[in-house]
Amino acid sequence: QKIYQRGLEYERPPFTFQSLKWEAQAEERMAAESKGYVVGNAGTGETARKNREAFAKWSIVPSRLNKTSELPNLSTQVKRISEQRLPFPIAIAPVGVQRIFNPDGEVASAKAAAREGVPYIMSTASSTSIEDVAKANGDGVRWYQLYWPSNEHNEITASLLSRAKKAGFSALFVTLDTYILGWRPSDMDNGYNPFLRSDNIGVAIGFADPVFRAQFKSKHGVEIEEKIHDAAAEWTQTVFPGFSHSWEDIKFLKEHWDGPIVLKGIQTIADAQKCVELGLQGIVVSNHGGRQVDGGVSSLGVLPRIVDAVGGKIDIFFDSGIRCGADIAKALALGAQGCLIGRPYVYGLALGGQEGVSHVLKSLLGDLELTLHLAGIQSASPEHLNRSVLIREDE
Ligand code: FNR
């Protein structure tokens with residue numbers, strides 16, 4: 001409402017409210033390599049396109065005269081992840097190497113998340129240390145995303161988890177779809193691997209990890225700083241080992257993480273059921289924004305059947321393709337308890353650092369609030385926002 005009033009007074013806002021324009025405007029601010037990295041997808045981009053098209057197949061059906069005088073309550077309950085209700089049904093998706101988009105990188109986005117009351121999921125591949133992200137995030141809600149080193153590096157995994165715990169990260173998100181980066185032609189055309197660019201990732205990534213540092217020193221006889229490129233290559237190899245774990249390995253995570261565990265990148269019913277069987281707390285239905293398996297199914301396409309199979313037994317987050325308030329409403333109506341916002345906030349970061357990220361979060365939430373309100377939906381809770389408010393246009 002505030003935004004509307006300000007707009008009506010003809011005060012030009014610093015950033016556009018047209019969410020589909022964030023990408024193009026951010027592109028103007030970025031170097032070709034950073035642009036290719038964030039905008040790029042796997043292969044031909046078919047899965048990324050399908051992610052977007054899947055939203056258009058579902059439509060919200062507004063209902064009338066239901067005494068909706070107050071704005072809808074946007075809070076959500078992800079009871080296995082957070083004891084308290086979260087004020088909003090969104091979180092910041094883990095995105096690595098954010099300093100390639102803005103010199104303040106993760107510090108800017110972690111501050112914005114805390115200010116807007118949105119949980120921050122920090123990537124293992126961050127260009128800022130766990131401790132510095134925690135400091136920037138202050139008393140915000142924060143969760144740690146693990147790129148899971150192979151079993152021979154269990155000592156490093158344990159070190160990352162214990163540092164995250166100490167720094168106040170309250171849940172662990174383990175990404176399963178990226179043990180190696182996908183076939184990404186835009187990065188290949190640019191000859192670009194952001195993780196090996198020690199110039200723009202600075203002290204970066206895992207360099208603050210004492211176990212990684214000690215192992216590097218005993219192997220090479222020098223500190224990381226003296227062989228920074230080799231260190232970046234070894235770190236990259238450690239967190240993207242090129243092959244995946246097995247379900248048995250989850251035991252190790254449970255032993256080393258005292259708190260909720262969420263597996264990110266789930267697309268099949270069988271995998272979702274396995275998570276329930278193992279007593280895990282959550283899943284993220286995600287295909288990494290179409291950046292890993294080209295030709296893969298849309299993430300929204302698999303959401304309803306996964307909800308039908310495991311809904312109520314585990315907390316369900318959704319991502320891949322969310323670009324506006326209505327998209328969030330549809331994913332929640334189909335049974336997700338929360339949505340992760342990916343590329344839109346990265347565009348905000350490129351456009352204006354912390355202010356840009358805040359703008360994107362506030363815009364998406366404002367849009368969601370008015371969309372629900374005008375559709376006669378009183379809250380973002382399943383009691384009001386469920387499949388009864390949707391129809392499929394293609395049936
Ligand atoms: C990602 N994503 C990601 N996921 C993760 O678990 N760890 C990470 O470090 C990253 N890094 C990353 C970088 C960039 C530039 C992008 C665009 C994405 C995936 C991310 O968390 C999320 O799943 C997708 O961004 C969702 O798709 P959309 O909505 O951004 O298209």
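**View 1. Helices α5 and α6 cross in a right-handed manner.** A crossing is right-handed if the near helix is turned clockwise from the far one by less than a right angle, and left-handed if anticlockwise. On the α5 side the contact involves E106, V107, A110, K111, A113 and A114, and on the α6 side D132, V133, A136 and N137; contact means C-beta atoms, placed from the backbone, within 7 Å. This is a predicted model, in which local features need pLDDT of at least 70 and side-chain atom pairs count only at pLDDT 80 or more, while totals for chains, interfaces and linings use all residues. Residues are numbered from 1 along each chain as its sequence is written.

**View 2. Y147, listed by UniProt under "binding site" in an unreviewed entry.** Y147 sits in the loop between β4 (142–146) and α7 (154–166). Y147 is buried because 23 other C-beta atoms lie within 10 Å, the cut-offs being 20 or more for buried, 12 or fewer for exposed, and partly exposed in between.

**View 3. H288, also in the UniProt "binding site" list.** The loop between β7 (282–285) and α14 (299–310) holds H288. With 26 other C-beta atoms within 10 Å, H288 is buried. Leaving out residues up to four places away in sequence, H288 touches D177, T178, G265 and S320.

Definitions and conventions. Helices (H or I, at least four residues) and strands (E, at least two) are DSSP runs, numbered from the N terminus. Two residues are in contact if their C-beta atoms, placed from the backbone, lie within 7 Å. UniProt positions are given in the numbering used here, feature names are shortened, and annotations may be inferred rather than shown by experiment.
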